[in-house]
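This briefing goes through selected features of one model, grouped by topic. Please keep the sequence and the coordinates at hand while reading.

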Amino acid sequence: MVKERFLRYVRIATASAEGDRTLPSTDSQFVLGRLLVEELKQLGVEDARIDDKCYVYASLPATEGLEDKAAIGFIAHMDTSPDFNGENVNPIIHENYDGKNVVLGDSGRVLKVNDFKHLKKLEGRTLITTDGTSLLGADDKAGIAEIMTMVERLQKEQIPHGKVCIGFTPDEEIGSGADGFDVKEFGADFAYTADGGAEGELQFENFHAARLKVTLNGFNVHPGSAKNTMINACLLAMKFNDMLPKDETPRNTSGHQGFYHLCDMQGNVEKAVLHYIVRDHDRGLFMDKIDRAWRIEKLLRHEYGMKACKCNVAMQYKNMEEMIEDHYHLVDNAKEVMESLNIKPKIVPIRGGTDGARLSFMGLPCPNLGTGGYAYHGPYEHITVEGMEAATEILLGIVKKYAQFNLEDIEDTED
């Protein structure tokens with residue numbers, strides 16, 4: 001069930017568009033959203049709906065006698081990353097995968113065990129890859145397929161449950177997924193995003209995050225008469241970057257370690273622009289990183305004039321651990337479910353962001369669960385059917401778990 005859904009969804013192009021401030025940033029996301037509403041209605045979810053900003057909401061009323069149980073929600077995002085081609089996705093299925101390198105169609109690309117060490121552990125599974133010309137879209141259509149399959153099984157198997165809320169969001173990949181999300185309309189007391197990596201991942205920490213735009217202004221004259229006059233904006237840009245810590249880049253960091261990531265640069269002698277994302281799990285270290293950018297700006301202005309450098313910082317999201325720590329039952333219950341399924345919980349920090357981070361600060365505590373996928377946002381993205389099936393079992397287990405708890409009892413425990 002989950003495999004067929006996943007293959008159907010990934011063929012619908014839904015990349016969001018960086019820099020477009022409309023919501024959603026691309027109309028193609030409506031195509032998937034409307035399809036999901038129709039499928040939910042076919043599954044008997046009568047209140048399934050999509051709003052004018054492309055948010056899908058739905059809910060399953062509590063089984064009779066369980067109306068006093070906590071309402072638990074599950075959320076996934078419909079868009080795929082704009083960082084790589086998301087059109088004409090042609091997934092390739094490798095039955096009984098042999099644990100070796102995989103040639104990705106005729107693209108010339110190869111999914112190599114040396115690059116992705118976990119591949120050996122996937123031997124014997126049904127592996128799904130790209131053909132090397134596009135991303136796969138497992139981020140986050142695997143999460144959508146798993147939630148939809150969970151809904152189907154709750155209905156068909158008549159599994160007792162409290163109120164279950166479903167939400168699918170647009171534009172998560174460009175940081176706008178929570179912009180138009182209506183927590184009250186969603187209707188859950190607590191929720192999980194299904195937007196992580198390998199099955200069994202459980203995440204309740206993410207980076208504090210900001211975008212940093214650095215504009216360098218030069219002074220252009222003929223190079224033959226430039227002595228003590230020309231200011232080359234490209235060289236100023238190089239100088240700015242050189243003044244950042246060399247070891248604080250994505251390549252040189254892991255776990256809770258933060259970084260500056262130079263995402264894009266353009267320029268000439270007269271003007272250059274650098275675009276960074278700045279990340280750290282620790283609030284103090286994160287603010288130190290922002291402060292360093294301001295100090296470099298001040299130094300360059302002192303040496304080359306007030307117009308030489310301008311830093312613009314746009315805060316994006318905060319570490320949701322601050323909000324989850326008061327609702328730690330979300331972590332404990334998910335761990336217990338995984339262990340009951342003989343899946344070892346992998347509690348790891350998110351080296352990025354998720355809708356759940358912002359939703360947690362909007363009053364909806366929302367850890368993140370793995371969906372079974374790997375190597376997101378590019379042509380080497382892959383997933384296994386078995387991983388998706390395990391992730392679906394975890395979602396079902398969480399629903400069953402929360403059917404045991406009255407909201408009042410949970411709140412008393414939190415106090």
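R211 counts as partly exposed, its relative accessibility being 33%, on a scale where buried means under 20% relative accessible area, exposed means over 50% and partly exposed lies in between (1.4 Å probe, protein chains only). The model is a predicted one, in which local features need pLDDT of at least 70 and side-chain atom pairs count only at pLDDT 80 or more, while totals for chains, interfaces and linings use all residues. Residues are numbered from 1 along each chain as its sequence is written, and side-chain values use heavy atoms, with hydrogens and water left out.

**Salt bridges**

- The structure holds 18 salt bridges, a salt bridge being a side-chain nitrogen of Lys or Arg within 4 Å of a carboxyl oxygen of Asp or Glu.
- R211 takes part in one of them, its side chain meeting that of E18 at 3.2 Å, N to O; the pair links distant parts of the chain, since R211 is in strand β11 (residues 208-217) and E18 in the loop between α1 and α2, 193 residues apart.
- E18 is partly exposed, with a relative accessible area of 45%.
- Helices and strands are named here as DSSP runs numbered from the N terminus, where helices are H or I runs of at least four residues and strands are E runs of at least two.
- R8 forms a salt bridge with E39, with 3.0 Å between the closest N and O atoms; R8 lies in helix α1 (residues 2-10) and E39 in helix α2 (residues 28-42), so the pair ties together parts that are 31 residues apart in sequence.
- Within this second pair, R8 counts as partly exposed at 37% relative accessibility, whereas E39 is buried, with a relative accessible area of 10%.
- D291 and R295 also form a salt bridge, their closest N and O atoms being 2.6 Å apart, and because the two are four residues apart in helix α6 (residues 283-304), about one helical turn separates them.

- Strand β3 (residues 72-77) is mostly covered, six of its six residues being buried.
- In a regular strand the side chains alternate between the two faces of the sheet.
- Both faces of β3 are covered, with I72, F74 and A76 buried on one side and G73, I75 and H77 buried on the other.
- β3 runs parallel to strand β8 (residues 164-169), to which six bridges join it, and two strands are taken to pair if DSSP finds at least two bridges between them.
- I72 has V164 as its bridge partner in β8.
- With strand β9 (residues 190-196), β3 pairs in the parallel sense over four bridges, and A191 in β9 is the bridge partner of G73.

- Three bridges join β4 to strand β7 (residues 127-129) in an antiparallel arrangement, with I93 opposite I128 in β7.
- D98 lies in the loop between β4 and β5 (102-103) and is partly exposed, with a relative accessible area of 43%.
- N96 lies in the loop between β4 and β5, counts as exposed at 58% relative accessibility, and has a positive phi of about 45° although it is not a glycine.

**Helix packing**

- α2 and helix α3 (residues 138-156) pack at an angle of about 15° with their axes 11 Å apart, where axes are lines fitted to C-alpha atoms, for helices over the stretch in contact, and angles run from 0 to 180 degrees between N-to-C directions.

**Backbone geometry elsewhere**

- The peptide bond from L23 to P24 is cis, with omega near 5°, and P24 lies in the loop between α1 and α2.
- A further cis peptide bond joins D139 and D140, where omega is about 20°; D140 lies in helix α3.
- N228, in the loop between β11 and α5 (233-242), has a positive phi of about 60° although it is not a glycine, and N228 is exposed, with a relative accessible area of 78%.
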